[in-house]
Amino acid sequence: MNDVKTGCKGAGCPKCNGTGYMGRTIIGEVLVIDDEIKELIYAGASAPAIKERAIQKGMRPLKHHAMLKAAQGITTVDEVLRVAG
């Protein structure tokens, strides 16, 4: 599907109509609202502060999850940048 050496661009083939992409995969970010995160929300903490604490507790940000998919060869860096910025 992609150039494994660079992981930047989909190579394309007859199965994918030359796009380099076939099928779909989920790239997601899940914020678990536990008691500590709930207290931050109730206290009026900023979104970046809540996200920072969630990451410290193990949340994987969207872009991080997308880059893992690129490293696994499931997608490409070009597609990650297009979708996740």
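Q: How many helices and strands are there in the protein chain?
A: Quick ground rules: this is a predicted model, where local features need pLDDT of at least 70, side-chain atom pairs count only at pLDDT 80 or more, and totals for chains, interfaces and linings use all residues. Residues are numbered from 1 along each chain as its sequence is written, and side-chain values use heavy atoms, leaving out hydrogens and water. Helices (H or I, at least four residues) and strands (E, at least two) are DSSP runs numbered from the N terminus. From that end the elements go α-α-α-α, and the count is four helices and zero strands.

Q: How do H1 and H2 run relative to each other, roughly parallel or roughly antiparallel?
A: H1 covers residues 35-42 and H2 residues 47-56, with axes 10 Å apart and an angle of about 170 degrees. Axes are lines fitted to C-alpha atoms, for helices over the stretch in contact, and angles run from 0 to 180 degrees between N-to-C directions. Over 145 degrees counts as roughly antiparallel, so H1 and H2 are roughly antiparallel.

Q: Which residues of H2 make the contact with H1?
A: Contact here means heavy atoms within 4.5 Å. H1 brings Glu-36, Ile-37, Leu-40 and Ile-41. From H2 come Ile-50, Arg-53 and Ala-54.

Q: What residue takes a positive phi just after H1?
A: At the start of H1, a side-chain oxygen of Asp-34 gets to within 3.2 Å of the backbone nitrogen of Glu-36. Just after H1, the phi is about 80 degrees, and the residue is Gly-44.

Terms used:
Angles under 35 degrees count as roughly parallel, over 145 as roughly antiparallel, 65 to 115 as roughly perpendicular and the rest as oblique. A polar contact is a pair of N or O atoms within 3.5 Å; within protein, one must be able to donate a hydrogen and the other to accept it, and residues adjacent in sequence count only if both atoms are side-chain atoms.
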